[in-house]
Structures are given as structure tokens and as C-alpha cells.
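Me: I am new to this structure. Please take me through it in short questions and answers.

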Amino acid sequence: MTTKYHLHRTNILKTIYEKGKFSRKDLHELLDIRFATITEIIKELIKEGIVKEVGKRKNEKGGRPHSLLSIVPDSKFFIGCELTTTGIYSVILNFEGKIIKSETIDLDLNESKENIKEKIVYLIKNVISKCGSDKNKICGIGFVDPGIVDTEKGISLFSSIMPQWRDVPIKNYIENEVSIETFVIGTSQAKVLSEKFFGKGKNYRNFLFVEYGEGIGCGIISDNRVVHGAGGVAGEFGHIKINGRTEKCNCGGNGCLEAIASIPSIIKKIKEATKKDMNISEIVSRYLKGEKIIKTILDEILEIFSISVANLVNLFNSELVIFDRNFEIYKDFLGEIIRKIEENMVYKYPVRFEISDFGKEIGAIGGACFSISKFLKLDN
Ligand SMILES: [Zn+2]
């Protein structure tokens, strides 16, 4: 077999996946591959169980109808595993984004690097064992890291929210333990991939996923591709600097958006002003009742946040902004937040604003999507 043959095979598989349903003739016309080669490769893919025939389309020239080909959803599985400050999440997805198995393990913020590594592998082994004989279908693992990563080498370099998680060659570690090819991706990039593959961003070529909660981040899809950046850390939205602000950030800097507008930062600021401990739901409910101190503080913070989001929309000419599910706490005044963003947009073209449907597994799902994307060579 030649390299060219493999290249054709990859292109054919990728095209069938992207198109959903496609005929041999469509492939021949789109990819400019000899018909005989297409027939041979499809025969092989059908025999392997990756591709199947799913009906026929009328032949406009009056000849035999064209058989439509599609990917077999359960023919391959992909693992996603996300490390967060409170736990590790792992899922196994099929080609359609269906969760086949999932597992979670709690984590203490102060756990050592060695403990965390062991828990990651324990969880992955656990989720694999739940697959039984289907474990042979698993093609890759996407590990989702909370900090800055070297995606090429698969090393976790540094995390502002988990200081002990630094310089970990996590790709090699997982591969040595479970013998499955592993890829490393940052949290915001994984989350935006979940939206792109199976969420609200499916039909958009330019959109943003704004991560919101303990930290703030941003996943960017530009011209249909994830923006990774030179070192794999594009989208550090939480660490853009706000002029004139001095709040100390976990990254070591001052005046970062995350140090002003993340949930813990809001709680801290309200406590300083009211001398009371309140969680975010209580803060929002008092805000809605019009409590003056809370209203002044939260309005100012949300204004800074909204202007920052508008800056992103202006930079990337996005057509859609998807907010993290945690953003639902602001649902009663989401309209005002959106108005403030729109006020600061340079072009008044229509931008959609949505809240994500994904729950806590969004990051892990994105890791699995990254692994699908590597398997099919989708350029994400
Ligand atoms: Zn920072």
C-alpha cells in the first residue's frame, strides 16, 4: 500500500464524516480521486465496519441510483478527560457525540501533583474497563488541561488556578499507562470544540465560547477552526488587563478581568463591602431586589465584563457568542448584559447570544472531540 492510498483513505473518511451522507460519485467529483480507488477504499471501510450504506439517491441521468455512505456511529470510540480544581471528568464518546460511558472523581485543590496524575489514570482505566470488549474500539484520548499547555509535546506547563500542576509530561504518562494515543488541549479550546461538534456552534464558522465561573476564558472558532495560538494558549480572556484596576490575580498579575469578574472575585468584593458571606445566588437575588451596595458593585463588574466581550466580538467578527452554563445565574438580566455588549460593538450586524446546553462534562466532551478531530485529520 502506498502513502498516497492512505492519504486518499483519510480524505474519504473525513469527507464522509463532514458531509453526513455522501455517494461514491460525490467523493469522486469533490476529491478528484479515481473512481476505482474510491470503490476499493469504500469496500475496505465497509468491511472494517467504519462506513455503511444508508439508502439511495436518484440518479438524475437516469442510470442506477447512487448509494449514500455514512459513518457507523459506534464503530470507534474516543475518550475525553478533563482536570478541574474540584474533580476529574472522563467520558467516552462515539462519532455522533453520544456519551457511551462517563466517570467522575473528586479532587481536593491541595492534592499533590503525583496524586492528581494517579487519579487521572485511575479514572481513565475505570472508564475503559466499563466498555468491556468494546474497548478495542477506542482510538484516542483528549486530555483537557486547566492551564497553559505545550500541545505539541503534550506537557502541562502552568496553571493559575492549580499552582502544583506544572511541568507535567501528561501525554507520555497517560500513554505509558494505558497504551492509547493521547493529545493535550486547553480547557477553553476543548469547550469551544464541544460546541462546534455537537452543540450550539455546529452551523457557525466564527463564534466564541465564553467560559465563566471559577475562572474566565474564551474558546475561539475563526474561519471554522479552533484558534490555538503559537503556544496553544490563545483565548486567555480572563487575563486581559483592565486599565486602572489593581485587583490581584491568581496568575500573579494585577487588574486581570478574572480577578474582577469571576464568581469568587465577585463574592470577595461583596464581602469586603458588606462584611457578609454570601454565595453568588444570594448576591444575584439581593441584586434583583435592588439592594444598593450590591447593585453598584455588580453593575460595575458586569459593565467591565460586557465591554470585554464586545472587544472580543469586534476582534474576531463573531456571529455567535455562547456563554458558559454557569452564566445562567444572570438569566434575569441577561438582556441588559447583551445590550451593553451590543452598545460597544463597532458593527451593528446581528450577533446571536446563547447559553450553553452542556453541563459539567463539556470540557471532557471537548477532549473527546479533539481526539475525533485528530483521528479524522479535521484540522481543528
Ligand atoms: Zn491574571
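Me: What is the geometry of the site of the zinc ion, given its four donor atoms?

Reply: This is a predicted model, where local features need pLDDT of at least 70, side-chain atom pairs count only at pLDDT 80 or more, and totals for chains, interfaces and linings use all residues. Residues are numbered from 1 along each chain as its sequence is written, and side-chain values use heavy atoms, without hydrogens and water. The angles among the four donor atoms are 103 to 120°. Four donors count as tetrahedral if all angles lie between 85 and 135 degrees, so the site is tetrahedral.

Me: Which residues coordinate the zinc ion?

Reply: Donors are N, O and S atoms within 2.8 Å of the metal (3.2 Å for Na, K and Ca). Here the distances are 2.0 to 2.4 Å. The spacing in sequence is H-x9-C-x1-C-x4-C. The residues are His239 (ND1), Cys249 (SG), Cys251 (SG) and Cys256 (SG).

Me: Which residues of helix 9 and helix 10 make the contact?

Reply: Contact means heavy atoms within 4.5 Å. Helix 9 gives Ile283, Arg286 and Tyr287. Helix 10 gives Ile294, Lys295, Leu298 and Asp299.

How values were computed: Tetrahedral: all angles 85-135°; square planar, octahedral: opposite > 155°, others 65-115°. Helix = DSSP H or I, 4+ residues; strand = E, 2+ residues; numbered from the N terminus.
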